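Hi,

Here is the structure I said I would pass on.

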Amino acid sequence: MSNAQVKASIAGYLTRFFPGYALKEDDDIFSLGFVNSMFAMQLVQFVEHEFQVEVESEDLELKNFSSINALSDFVARKRLAAVG
């Protein structure tokens with residue numbers, strides 16, 4: 001899955017929860033007030049399931065999940081770490 005495909009998948013998932021808002025790739029979903037603790041857990045589960053990566057406790061930082069770009073970068077780092 002290419003970086004563009006990862007971003008498209010993340011954007012598709014997030015926009016289902018924010019109807020009527022045109023989410024940009026660098027919009028911080030936490031500062032916009034879109035995320036509560038339950039949704040944050042759903043987001044972690046989505047990332048693990050969709051991209052076949054394991055989100056470990058040290059990965060649970062807002063900076064990894066704050067935007068489409070941040071999530072895409074996080075997935076890329078996890079995949080790279082898994083390979084090498």
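This is a predicted model: local features need pLDDT of at least 70, side-chain atom pairs count only at pLDDT 80 or more; totals for chains, interfaces and linings use all residues.

Residues are numbered from 1 along each chain as its sequence is written, and side-chain values use heavy atoms, with hydrogens and water left out.

The fold first. The protein has four helices and zero strands, in the order α-α-α-α from the N terminus. (Helices are DSSP runs of H or I with at least four residues, strands are runs of E with at least two, and numbering starts at the N terminus.) The C-alpha trace spans about 40 × 25 × 20 Å along its principal axes. The radius of gyration is 12 Å, which agrees with the value near 12 Å for a compact globule of 84 residues; that is taken over C-alpha atoms, and the globule rule is 2.2 Å times the number of residues to the power 0.38.

Of the 84 residues, 37% are buried. Here buried means under 20% relative accessible area, exposed means over 50%, and partly exposed is in between, with a 1.4 Å probe and protein chains only. Among contacts (heavy atoms within 4.5 Å) with a separation of 6 or more, 58% join residues 24 or more positions apart.

Now the serine. S72 sits in helix α4, residues 68-83, and counts as buried because its relative accessible area is 1%. Beyond its neighbours within four places in sequence, S72 is in contact with N3, V6, K7 and I10.

On to the rings. There are nine aromatic pairs, where rings of Phe, Tyr and Trp (its six-membered ring) pair if their centres lie within 6.5 Å; planes under 30 degrees apart are stacked, over 60 edge-to-face, and the rest tilted. One of them is F17 with F39, edge-to-face at 4.8 Å centre to centre and 65 degrees between the planes. This pair links distant parts of the chain, with F17 in the loop between α1 (3-15) and α2 (37-51) and F39 in helix α2, 22 residues apart. F17 is partly exposed because its relative accessibility is 34%, whereas F39, at 5%, is buried. F46 and F51 also pair edge-to-face, at 5.7 Å and 85 degrees, and both are buried. Ring pairs join Y13, F17, F18, Y21, F34, F39, F46 and F51 into a cluster.

Cheers
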